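Work through these exercises with the model open beside you. Try each task before you read its solution.

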Amino acid sequence: MQKRDFYTEIDDFLMDESFKLWVHNNQDNENWEEWTLENPKRAKLVEESRLWILALKTNVQKVTQEELQCALLSIWDKIEVKEEQKMNKSTFNIPHIKWTQLAAALLVFIFLGYSFYNLHLINTASKNDNVLTKNIHDGIIVQINNTNKPQIIILSDKSSVLLQPNSKLRYPIHFARNERKVYLSGEGFFEISKNPKKPFFVYANEIITKVVGTSFRISAFENQPNIEVLVRTGKVKVKTQKNSINENEEITLLPNEAVRFTKKSATFDKVTDIIKDKFLFQYSTNIEQLSFEFNDIPVNQIFNTIEQAYQVKIDYPKQKLKDCFLTTSLSDEPLLEKLKIICNALGKNTSYEMNENQIIITTDGCN
C-alpha cells in the first residue's frame, strides 16, 4: 500500500512533491489521476488540496510571489522536520516555534492566497454571467454554461456535447493515447465519434459511463438525488466508481433504454422503454425527440432540424440551396460529422465554419 493511501488531510498533499508537480506542471509520474479516480471521497479531498496549491500561486497585495513562495518553503521545511521527529517518536515541538504556531502560519498564507483566488473567480464569474465560460489550466479545459440555453462543445476527437444550463464539463485539450475521459457535473447530451480502440468515459459524480461511439444523455446534478443515463443510439455501459457499494455491478443500455442511479441507496433501476417512463419522456430534449432520418428532404428543413436540436444558428445562402434535396441518415453522428456529410452531398465547393453556437455554410449550390 502506498504512503498516499493514508492521506486524510489537505496538508498531507501539500507536503507531497509529486502531487505539487502534478498540479503545477501536469507531470503525472506517480499516476495521481488514476489514483484519484479510484474513490469518490478521495477525489473530493484531492480537488480541495489542488485548489489550495493553486491558490498559493495567486499574487497577494504587497507580497510578491517570490516572497510568498520563500515563506511557504520555509514552513514546509519545518513541517518535514516535524514529520521526521514524529516518525522517530520524538517530541514534535520545533525549536523557537510550536507546531500550533507553524500550522497557524501555514493557514494564514493559504487563507490569503485562497481568498484572493476566490475573489478572482467571483469577479470573473460576475463578468461572465449569461455566457459559456472557458478556463484552461495545465492542459485541462473547464467549461461552465451560465446561459439559459444549451451550448454546444466540440472535443478534440470531433465528439460533441450539448451542455445544458448550470452544467460544467471538464476535459483535456487532447485526449490520451488509449482512452478518452471527460468529467460532467450537471446535464449533457453526448454524441461520440466512433473509435473502438479508444473507449470514451464520462465520469459523473458516483458513476462512470463507457462508450465507443453512440449518443446518450446524462443528468448528474450534485443537488439531485438521482443520476440518469438515457441512450438514443448505440450501446453504453454504466457502473459505479471503484470502491463504492456496487463496484462490480455494470448495466448495459441499448437504444431507448435508460438507467436511474439512486445516490442514497447506491442502486440502479433500469428502464427498458423510455417512452413508458413519464418523467424521463417529459424531460427529454429536442435533440432526443427529433429524427435525423431524411428521405428526399429540402436542405433548408435539414438545417432547421439541426438548429432546433443543437440550439445553434446556421447561416447559408438560401437562394442557392432552395432547390436542393437530400436523402441521408444522420442519427448516429456527432454534429461536425453531420455537417461534413451534408457538405459532401451538396458538392465539392461546399464547406462549413463553426464558431461556438454559430455555423456558416459556404456553397455554390447543389450538384
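**Exercise 1. The cysteines**

Is Cys 324 buried or exposed? Find out, then describe its bond.

Solution. 
- Step 1. This is a predicted model. Read the relative accessible area of Cys 324: it is 1%. The cut-off for buried is under 20%, so Cys 324 is buried.
- Step 2. Find the partner. A disulfide joins Cys 324 to Cys 366, with 2.1 Å from S to S. The structure holds 1 disulfide.
- Step 3. Cys 324 sits in the loop between helix H10 (318–321) and strand S17 (325–329). Cys 366 sits in the segment after strand S19 (358–362). The pair therefore ties together parts that are 42 residues apart in sequence.
- Step 4. Get the handedness. The torsion about the S-S bond of Cys 324 and Cys 366 is about -90 degrees, so this disulfide is left-handed.
- Step 5. Check the partner's accessibility. Cys 366 has a relative accessible area of 32%, so it is partly exposed.
- Step 6. Look at another cysteine. Cys 343 has a relative accessible area of 3% and is buried.

**Exercise 2. A buried arginine**

Which side chain of opposite charge is nearest to Arg 232, and how far away is it?

Solution. 
- Step 1. Locate the residue. Arg 232 is in strand S10 (residues 226–233).
- Step 2. Search for the opposite charge. The nearest such side chain is Glu 191, 5.5 Å away.
- Step 3. Apply the cut-off. A salt bridge needs the charged atoms within 4 Å. Arg 232 is buried yet has no salt bridge.
- Step 4. Look for backbone oxygens. A polar atom of the Arg 232 side chain lies 3.1 Å from the backbone oxygen of Ile 287. The backbone oxygen of Glu 288 lies 3.3 Å from a polar atom of that side chain.
- Step 5. Survey the surroundings. Beyond four places in sequence, Arg 232 touches residues including Phe 189, Phe 216, Pro 255, Leu 290 and Ser 331.

**Exercise 3. A helix**

How many residues does helix H9 have, and how far does it reach?

Solution. 
- Step 1. Count. H9 (residues 299–310) has 12 residues.
- Step 2. Compare spans. From first C-alpha to last, H9 reaches 17 Å, close to the 16 Å expected at 1.5 Å a residue.
- Step 3. Pick out the buried residues of H9. Among them are Val 299, Ile 302, Phe 303, Ile 306 and Tyr 310.
- Step 4. Recall the geometry. An α-helix has 3.6 residues a turn, so residues three or four places apart point the same way.
- Step 5. Step past the end. Gln 311 follows H9, and its phi is positive, near 55 degrees.

**Exercise 4. A tyrosine**

Which side chain makes a polar contact with the side chain of Tyr 7?

Solution. 
- Step 1. Locate Tyr 7. It is in the segment before helix H1 (10–14).
- Step 2. Judge accessibility. Tyr 7 has 14% relative accessibility, so it counts as buried.
- Step 3. Find the polar contact. The side chain of Asp 16 is the partner, at 2.7 Å.

**Exercise 5. The whole protein**

What percentage of the residues in the protein is buried?

Solution. 
- Step 1. Buried residues make up 44% of the 367 residues.
- Step 2. Tally the secondary structure. There are 11 helices and 19 strands.
- Step 3. Take contacts between residues at least 6 apart in sequence. Of these, 49% join residues at least 24 apart.

Definitions and conventions: Residues numbered from 1 in each chain as written. Predicted model: local features only at pLDDT ≥ 70, side-chain atom pairs only at ≥ 80, totals over all residues. Heavy atoms only, no water. Disulfide = S-S within 2.5 Å. Helix = DSSP H or I, 4+ residues; strand = E, 2+ residues; numbered from the N terminus. Buried < 20%, exposed > 50% of the residue type's maximum accessible area, 1.4 Å probe, protein only. Lys, Arg positive; Asp, Glu negative; His and termini not counted. Polar contact = N/O pair within 3.5 Å; in protein donor to acceptor, adjacent residues only side chain to side chain. Contact = heavy atoms within 4.5 Å. Expected span 1.5 Å × (residues − 1).
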